[in-house]
Amino acid sequence: MTRTIRRILLLMLAAPVLAEAQQDAELDAAIDDLVAANRILAAQGILPGYGHVSVRHPTNPDRYLVSRSIAPELVTAEDIVVLDLDSDPVEPGTPRSYLERFIHGEIYKVRPDVRAVVHNHSPTVISFGIGTTPLRPVYHQAAFFLDGIPIWDYRDFGTANGALVDTPARGAALAAALKDRPVVLMRNHGVAIAASTLPLLVGWSIALEQNAEIQSAALARGDDVTYLEFEEEAPGSDFLRAWDLWKRQLGMQ
Ligand SMILES: [Zn+2]
């Protein structure tokens, strides 16, 4: 056997082990990023005790990662659980995740482009789901929702069982209302945001609340507001610079 053939055989034998190690490394990185997203959104006041953020599994698109049911500020790598797209645990004995986890699973089901989802109750954003003035972009970092924000109304399911998205049917209805957009408002409740990366999702969550505050301040003055306008889709921020800063502020880098 020549040295070359021996090398090829060794590589063939090692390939599955190397592939598995690579997959494990990707999973570890996704978990670290999800922990960071939880902690950043808590520190920024977007997930203050309630709400939840998830990321699609890096090597199995039919699964996603989310925390067990605890406050986002307290989430560590050990709290992350793996759910399938019906929002059922993959492993027996998995700790219980959030009541409204169906928001995540049902959006991942119908949006293959989405790799990260958050549900939060950011207050100024909620205020635009209870009135008649639409939430519209007023500054450049809010350009991602130039196409408008649909509002999902829990009353479609009656008012007997509350406003939570705590069943697969409600999750599917919310995902249908979201359609191909990045944001859906939930009347009298909160908002769901869907993005292609966790840094983008975190950046959009913060920008959405800031936009709602700026728009509210201008409307409260009685101003004639100039809304953001782009003739064509402009390249938006990937929020990576801010993501590094937010992690460093929390001692995570
Ligand atoms: Zn909620």
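**A guided reading of the predicted chain**

Helix H2 (residues 102–110) is mostly covered, with 7 of its 9 residues buried. A residue is called buried if 20 or more other C-beta atoms lie within 10 Å of its own, exposed if 12 or fewer do, and partly exposed in between, the C-beta atoms being placed from the backbone. The buried residues of H2 are Phe102, Ile103, His104, Gly105, Glu106, Ile107 and Tyr108. Their cover includes strands E1, E2, E3, E4 and E7 together with helix H4. Helices (H or I, at least four residues) and strands (E, at least two) are DSSP runs, numbered from the N terminus.

The model is predicted: local features need pLDDT of at least 70, side-chain atom pairs count only at pLDDT 80 or more, and totals for chains, interfaces and linings use all residues. Residues are numbered from 1 along each chain as its sequence is written.

The secondary structure of the chain comes to 6 helices and 7 strands, which follow the pattern α-β-β-β-α-β-α-β-α-β-β-α-α along the sequence. The C-alpha atoms fill a box of roughly 85 × 40 × 35 Å, taken along the principal axes. Of the 253 residues in the chain, 37% are buried.

The 7 strands form an open sheet of mixed pairing, in the order E3-E2-E1-E4-E7-E6-E5. Strand E3 (80–84) and strand E5 (151–152) stand at the edges; each has a single partner strand, so one side of each is left without a neighbour in the sheet. Two strands are taken to pair if DSSP finds at least two bridges between them. Strand E1 (residues 52–56) and strand E2 (residues 63–67) pair in the antiparallel sense over 3 bridges, and these two strands form a hairpin with 6 residues between them. The bridge partner of Arg56 in E2 is Tyr64. E2 also pairs with E3, again in the antiparallel sense, over 5 bridges; here Val66 has Val81 of E3 as its bridge partner. E2 is mostly covered, with 4 of its 5 residues buried.

Helix H1 (residues 3–43) packs on it, touching E1, E2, E3 and strand E4 (116–120), and the direction of H1 makes about 160° with that of E1. Helix H4 (residues 168–178) lies across E5, strand E6 (183–186) and strand E7 (190–195), running at about 130° to E6. Such axes are lines fitted to C-alpha atoms, for helices over the stretch in contact, and the angles run from 0 to 180 degrees between N-to-C directions.

Among the buried residues of H1 are Ala30, Asp33, Leu34, Arg39 and Ala42. The buried residues of H1 pack against E1, E2, E3, E4, H5 and helix H6 (240–249). H1 is followed by Gly45, whose phi is positive, near 80°.

The largest nonpolar core has 59 residues, of which Val184, Ala192, Ile193 and Leu201 touch the most other members. Helix H5 (residues 198–220) gives the most to this core, with 9 residues. A nonpolar core is a set of buried Ala, Val, Leu, Ile, Met, Phe, Trp, Tyr and Cys residues joined through C-beta atoms within 7 Å. Leaving aside neighbours within four places in sequence, Ala192 is in contact with Ile103, Ile107, Val117, His119, Leu174, Leu178, Val184 and Met186. Contact here means that the C-beta atoms of two residues, placed from the backbone, lie within 7 Å.

Arg136 is found in the loop between helix H3 (123–127) and E5. Because it has 17 C-beta neighbours inside 10 Å, Arg136 counts as partly exposed. Arg136 touches Gln215 and Tyr227, not counting residues up to four places away in sequence. Arg136 and Asp147 are 11 residues apart in sequence and 8.9 Å apart in space, C-alpha to C-alpha.
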